Amino acid sequence: MSLKVCSLFSGSSGNSTYLGTEKTHILVDAGLAGKYIIDGLKDVGIDGSDLNGILITHEHVDHIKGAGVLSRRFNIPIYANEKTWAAMESKIGRVSPSNIRIFDKDMDFYIQDINVQAYEIPHDAADPVGFSFYNNNKKISITTDLGYTNKKLIKTVMDSDMVILEANHDQDMLINGPYPAMLKRRILSRKGHLSNEDSGKALLELVKGRVTHVLLAHLSRENNHPQLALDTVTEILEDGGVKVGKDIFLDMTYRDRISNVYQFK
Ligand SMILES: [Zn+2]
Ligand SMILES: [Zn+2]
């Protein structure tokens, strides 16, 4: 038994992550047109019809764009909490009642052999969540679209083997960049997005737990560069006495292609 994970694409332009075991195949978010998601899945050897569920973190378009289409085409259940369902229902088109699955974020649940636990994250959506997935004593967590990290969140995530963590922007690039002032304020707010620096600081805490593998995710196209995100996070970790490439392995997600595939046995 093993837990496999791969980011199909990630960034402010669209997000979707594949997570699976030998017999279960899940998508977390479906934030590009269905066609791109199907192509991304093919790269990991999965067909759209293999999917057992699509889990939605929150109703922003970069997380739901292809969800309705995939559900209708392959008869796939969509899982979201009640407020997220209410907020996204009109945006994803008609979904068969049998494919509307509502979870309570205080209760874990199973999709076949994968245990799923949702947890609250601070973001400007109806009821945004991150997810942890368990199988065979391995745990993978997805934590993107959050304004800041707090103790509760760190505690929830720190016993994961792998974390997909947001490194959205470089603060200086954002502040000096072309975005309108209102949007800059939104991104920088406590319900906005995690900067490279915030991400590095969060990892300094997470590495004290079980986390050994990290994928940096949800990078802004305008306000970040992959190399800058990687360098900033690495520097913060090394300054804190953590050896990158030994104590912790950092890797990237991409807006237009799949990441490396990780498998935890
Ligand atoms: Zn969002
Ligand atoms: Zn997003």
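# A tour from the zinc site outward

Select the zinc ion (ligand 2): its donors are Asp62 (OD), His63 (NE2), Asp145 (OD) and His218 (NE2), at 2.1 to 2.2 Å. The model on screen is predicted. Check the angles among the four donor atoms, which run from 92 to 169 degrees, and the site is classed as irregular. Along the sequence, the donor residues follow the spacing D-H-x81-D-x72-H.

Which residue coordinates both zinc ions? Aspartate 145 does, and the ions lie 3.4 Å apart. Aspartate 62 and aspartate 145 are both buried.

**Phenylalanine 264**

Next, select phenylalanine 264, in strand β14 (residues 262-264). Is this residue buried or exposed? Its relative accessible area is 10%, so phenylalanine 264 falls in the buried class. Show its surroundings: leaving aside residues up to four places away in sequence, phenylalanine 264 touches Met1, Ser2, Leu3, Lys138, Ile140, Asp161, Met162 and His213. Then draw a C-alpha to C-alpha distance from phenylalanine 264 to valine 5; the two are 8.6 Å apart in space and 259 residues apart in sequence.

**Asp161 and its partner**

The side chain of aspartate 161 meets that of arginine 210 in a salt bridge (2.9 Å, N to O). Aspartate 161 is in the loop between α5 and β11 (162-166) and arginine 210 in the loop between α8 (196-206) and β12 (213-217), so the bridge ties together parts 49 residues apart in sequence. Aspartate 161 counts as buried, at 7% relative accessibility, whereas arginine 210 counts as partly exposed, at 35%.

**Two bridges within helices**

The count of salt bridges in the model is seven. Move to helix α8 and select lysine 201 and glutamate 197, which are four residues apart there, about one turn of the helix. Their closest N and O atoms are 3.4 Å apart, and the two residues form a salt bridge. Lysine 201 is partly exposed at 47% relative accessibility, and glutamate 197 is partly exposed at 38%.

For another such pair, go to helix α1, where aspartate 39 and lysine 35 are four residues apart and thus separated by about one helical turn. Their side chains meet in a salt bridge at 3.7 Å, N to O. Aspartate 39 is partly exposed, with a relative accessible area of 34%; lysine 35 is exposed, at 54%.

**The nonpolar cores**

Which residues touch the most other members of the largest nonpolar core? They are Leu8, Leu70 and Ile78, in a core of 26 residues. At least two residues of this core come from each of β1 (3-9), α1 (34-43), α3 (67-74), β5 (78-81) and α4 (82-92). Centre on leucine 70: beyond residues up to four places away in sequence, leucine 70 touches Leu27, Ala30, Gly34, Ile37, Ile38, Ile54, Asn75 and Ile76. Apart from this core lies another, of 25 residues, including Leu194, Val211, Leu219 and Val242. In soluble globular proteins, nonpolar side chains tend to be buried together.

Conventions. Residues numbered from 1 in each chain as written. Chains lettered and ligands numbered in written order. Predicted model: local features only at pLDDT ≥ 70, side-chain atom pairs only at ≥ 80, totals over all residues. Heavy atoms only, no water. Donors = N, O, S within 2.8 Å, 3.2 Å for Na, K, Ca; no water. Tetrahedral: all angles 85-135°; square planar, octahedral: opposite > 155°, others 65-115°. Buried < 20%, exposed > 50% of the residue type's maximum accessible area, 1.4 Å probe, protein only. Contact = heavy atoms within 4.5 Å. Core = buried A, V, L, I, M, F, W, Y, C linked by side-chain atoms within 4.5 Å. Salt bridge = Lys/Arg side-chain N within 4 Å of Asp/Glu carboxyl O.
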